[in-house]
Amino acid sequence: YWVCKRATLVAYEAMECHGGNGYVEEHPMAALFRQAPLNGIWEGSGNVICLDVLRGIAKEPHSTRALLAELHAPMDLAKEWGGNCYSATVQRLEKELRAAAGGSNGGDLEVGARHLVDRLAVCLTASVLMQDGDPVVAQCFLKTRLPAVASSVPHNVGAMASVLTEEERDHLIQRLQVDGSQ
């Protein structure tokens, strides 16, 4: 769900980085941008995928327990780093997932399925980054995807760097350099 929803946005941002060259058919970005929505179409609409997640939660309660264990594993680290709402978001998700697993509030969950799955995807990504990723990358992710104050993060992906420090931006850029030079 998350990859399908974000692919078009990421392809657009990449095309924008290339400017006019990224738009012309001779450049591979044009084909990538055209093909990006295909995954969402191929896998089913976002709503269908989100309803599948709810069905899976209800049908396989052990999957919910495993997911919650994964989300709780880095809780202390998220609190230690501060400036993010990871813990509060996970606690809200836990309450909603337990309700879904118990079969209660089915109609309410279906209406909010997309919002639930969006938050699950962001929190699971944050959990993996905090446990196994570069700590600076994990902190930047928390700062831009799960800030303590929701209004502090711009909606536009290209503007997210505006909430990062210069050191954080430099670290992220250095990681992207192909040859590893500084």
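Residues are numbered from 1 along each chain as its sequence is written. Local features in this predicted model need pLDDT of at least 70, side-chain atom pairs count only at pLDDT 80 or more, and totals for chains, interfaces and linings use all residues, while side-chain values use heavy atoms, without hydrogens and water.

**Exercise 1.** Determine which helix gives the largest share of the lining of the second largest pocket.

*Solution.* A pocket is an open set of points on a 1 Å grid where a 1.4 Å probe fits, with protein on both sides within 12 Å along at least five of seven lines; lining residues have an atom within 4 Å of a point. The lining includes Y1, W2, V53, T64 and L124. Two or more lining residues come from each of α5 (46-59), α6 (61-72) and α10 (113-132), helices being DSSP runs (H or I, at least four residues) numbered from the N terminus. The largest share, 4 residues, belongs to α10.

**Exercise 2.** Classify C17 and C50 as buried or exposed.

*Solution.* C17 has a relative accessible area of 70% and is therefore exposed, the cut-off being over 50%. C50, at 1%, is buried.

Notes: Buried < 20%, exposed > 50% of the residue type's maximum accessible area, 1.4 Å probe, protein only.
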